[in-house]
Amino acid sequence: MNFGGFPLGGKGLGGASSNEPLTPEQQQMQMVKTIQAGMESCPVKTVIAGGMGFGLGAVFGLFMASMSYDTPMTGLPGAPALQNLPLKEQLKRGFKDMGQRSYSTGKNFALVGSIFAGTECCIEGFRAKNDLYNGVSAGCITGGVLAAKAGPQAAAVGCAGFAAFSAAIDYYLRHMD
């Protein structure tokens, strides 16, 4: 069976006819090659970046939401103040708010991570180079796309901001040695 995009070429895990038995070492090498080919594809990188972004954003959102409860809060105008409610109701509202903020922040981080990783991977594939300019270009596109709804000036500022941040991070990571 042939699955497009995989290095096996439709010849089974052994690379030859599927009637030949494979040693465990051959099976392991073919599995490693298949996983590496998947990890080098832009769709897989995009999904992984989105998933990791969602996880990081959810943890960050949970932390930030938990920090907002260190001072007395008031709810909507006309609603009873949170500190005047019974403890069980306070906890219920607090955990619900923390979950909503965690989910919202996770979605935002996933969106940013997916757009950036997918764009950077596509640019790297088109240029056939792995250098600082890929990240800067991807940062500019990501910032521009995320700020596009606010108008062209906001898109330009978003492009410049994300590109500068991406350049700083890439420069630091490439020159850590």
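The protein contains 5 helices and 0 strands, where helices (H or I, at least four residues) and strands (E, at least two) are DSSP runs numbered from the N terminus. Read from the N terminus on, the order of the elements is α-α-α-α-α. The model is a predicted one, in which local features need pLDDT of at least 70 and side-chain atom pairs count only at pLDDT 80 or more, while totals for chains, interfaces and linings use all residues. Residues are numbered from 1 along each chain as its sequence is written, and side-chain values use heavy atoms, with hydrogens and water left out.

Of the 177 residues of the protein, 24% count as buried, a term that stands for under 20% relative accessible area, with exposed meaning over 50% and partly exposed in between (1.4 Å probe, protein chains only). The accessible surface comes to about 12300 Å², and 67% of this surface belongs to carbon and sulfur atoms; the areas come from the Shrake-Rupley method with a 1.4 Å probe, and for residues only the protein chains shown count as cover. Among contacts (heavy atoms within 4.5 Å) between residues at least 6 apart in sequence, 56% join residues at least 24 apart.

Two packed helices are described by the angle between their axes and the distance between the axes. For helix 3 (residues 87–127) and helix 4 (residues 132–147), the axes come within 8 Å and cross at roughly 135°, the axes being lines fitted to C-alpha atoms over the stretch in contact, with angles running from 0 to 180 degrees between N-to-C directions. Helix 3 and helix 4 are therefore oblique to each other, since angles under 35 degrees count as roughly parallel, over 145 as roughly antiparallel, 65 to 115 as roughly perpendicular and the rest as oblique. The residues that make this contact include Leu111, Ile115 and Phe116 of helix 3 and Tyr133, Ala138 and Ile141 of helix 4.

Glycine 113 also has its place in helix 3 and, at 19% relative accessibility, counts as buried. The C-alpha atoms of glycine 113 and isoleucine 48 are separated by 8.9 Å, although the two residues lie 65 residues apart along the chain.

The loop between helix 3 and helix 4 holds alanine 128, which at 66% relative accessibility counts as exposed. Most residues other than glycine have a negative phi. Alanine 128, although not a glycine, has a positive phi of about 60°.
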